[in-house]
Amino acid sequence: MAAHYDVLIVGGGIAGLSLASALAGKCSVALVEAEQELAYHTSSRSARQLIPSYGPPVVQELTARTLELIAARDVELPEPVLTPRSFMLIGSEAGVAAEASGSMKPITHAEALELCPALVPESFAAAGLDTGSFGSNAPLLLDDHRQRAVAAGADIYTGARVHSAQRLGSGWEVGAGTEAFQTGVLVNAAGAWADELAVISGVEKLGLQPYRRTAAIAAVDRPLPEGCPMVAAADNTFYFRREGNDVLISPSEAVPSGPEDARPRPGDVERLVELLNTVTTLGITAVRRAWTGLRTEAADGVPVAGFDAEAPGFYWLAGQGGYGFQTSSAMAELAAEQILAGQAGAGAAGPVSRTAQALAATRWSIRR
């Protein structure tokens, strides 16, 4: 017998979990995750930094709202999700000017060196600083969404990969693992597998492209001081930040990939260590562990949140790219409003707000 839910969310990362917590208690909700554990892929491989000046205007708007929502929740938690941690961009004058946006302000070369003494002075000419940036406790945020969703009545199924989905009457019939579901709204929060889920569901895919992004925890001779900003190169060749007495480092690569359980490629981390030992005085001595996540993007680089143009009841919550955590609560808030409007009979005739229009799955700029 199929289980009946108003909304079935496919994907147990930050997108799916935040939406489950936003919807639970307002309608019947189930979440299915292909892996045996939640947040196994990209959501467990986050740089854990929320940067208001990072991304296109609509992403910056979503980030500001997400920070508001998380901060409001933090007062109820035993420890906070958010910790102030500035973000500094360095590079050539032209490079920093081109990449700086939003709340980022230019700072002098001397100020940059004071904030991060590990930088080799000759390695950069200009810098910008976002003091409204925050470090985030990603596991705590993920688990808080999970707990809130379950407490409000949501059901979560792991080890339940979707193998069939078809439009049936006024809803959807979905097979996931050994389970069968009937639902009014099918939410595609499948991350790098979002287009694959669309194909399984008989829905035209959007051309969402996963990109590799590798990171590592490295031991250093000279740890960064407390309060040191996260530092990124304007030419996207690296970023690093303090991680206790170690550093988190990344080559900031964006290499196209298929949906997979990504792993670091030989040489990627080694070349990064060589570069950072040239432009900093960190003295990286060893790599403790390394990983690779997939950042999935639409053609225009803007996340997708909205009902499909042709398939009734099929909702896209995908293409978050590198903005997943910093837009998650705001995107879940918007998605919940749209889905509940449809459940109430208002339909999904189309977005009305500027933000919803920018994120809509029906926008002309989304397809490759």
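Which strand gives the most to the lining of the second largest pocket? Strand 15 does, with 3 residues.

Before the details, some ground rules. This is a predicted model, where local features need pLDDT of at least 70, side-chain atom pairs count only at pLDDT 80 or more, and totals for chains, interfaces and linings use all residues. Residues are numbered from 1 along each chain as its sequence is written, and side-chain values use heavy atoms, with hydrogens and water left out.

Back to the pocket. A pocket, on a 1 Å grid over the protein atoms alone, is an open set of points with protein on both sides within 12 Å along at least five of seven lines; a cavity is a set where a 1.4 Å probe fits but cannot get out; lining residues have an atom within 4 Å of a point. The second largest pocket holds about 380 Å³ of space. Volume here is the space filled by probe spheres set on the points, with grid points joined across faces, edges and corners. The lining has 18 residues, and closest to the centre are Thr-83, Arg-85, Gly-135, Arg-241 and Arg-242. Strand 4 (82-84), strand 8 (134-136) and strand 15 (239-243) each supply at least two lining residues. Strands are DSSP runs of E, at least two residues; helices are runs of H or I, at least four; both are numbered from the N terminus. By class, this lining has 4 nonpolar, 7 polar and 7 charged residues. Nonpolar covers Ala, Val, Leu, Ile, Met, Phe, Trp, Tyr, Cys and Pro; charged covers Asp, Glu, Lys and Arg; the others, Gly among them, are polar.

Searching the whole structure gives 1 cavity of 30 Å³ or more. The largest cavity has about 40 Å³ of space. Its lining includes Ala-15, Ser-18, Leu-317 and Met-331. Helix 1 (14-23) and helix 8 (324-343) are the elements that give two or more residues to that lining. Helix 8 has the largest share, 5 residues.

Next, packing. A nonpolar core is a set of buried Ala, Val, Leu, Ile, Met, Phe, Trp, Tyr and Cys residues joined through side-chain atoms within 4.5 Å. Buried means under 20% relative accessible area, exposed over 50%, partly exposed in between, with a 1.4 Å probe and protein chains only. The largest core has 47 residues, and Ile-9, Leu-19, Val-187, Tyr-315, Leu-317 and Ile-339 have the most contacts inside it. Helix 8 gives this core its largest share, 8 residues. Apart from it lies another core of 33 residues, among them Phe-181 and Trp-193.

Two residues to look at. Gly-16 sits in helix 1. Gly-16 is buried, at 0% relative accessible area. Leaving aside neighbours within four places in sequence, Gly-16 is in contact (heavy atoms within 4.5 Å) with Ile-9, Gly-11, Leu-31 and Ala-189. Gly-16 and Ala-190 are 174 residues apart in sequence, yet 7.9 Å apart in space, C-alpha to C-alpha.

Glu-99 is in helix 3 (residues 93-99). Glu-99 is partly exposed, with a relative accessible area of 42%. Outside four places in sequence, Glu-99 is in contact with Leu-89 and Ala-234.

Last, the record. An unreviewed UniProt entry lists residues 6-337 as "domain: FAD dependent oxidoreductase". Over that stretch the chain is 27% helix and 32% strand.

Technical notes:
UniProt positions renumbered as here; feature names shortened; annotations may be inferred.
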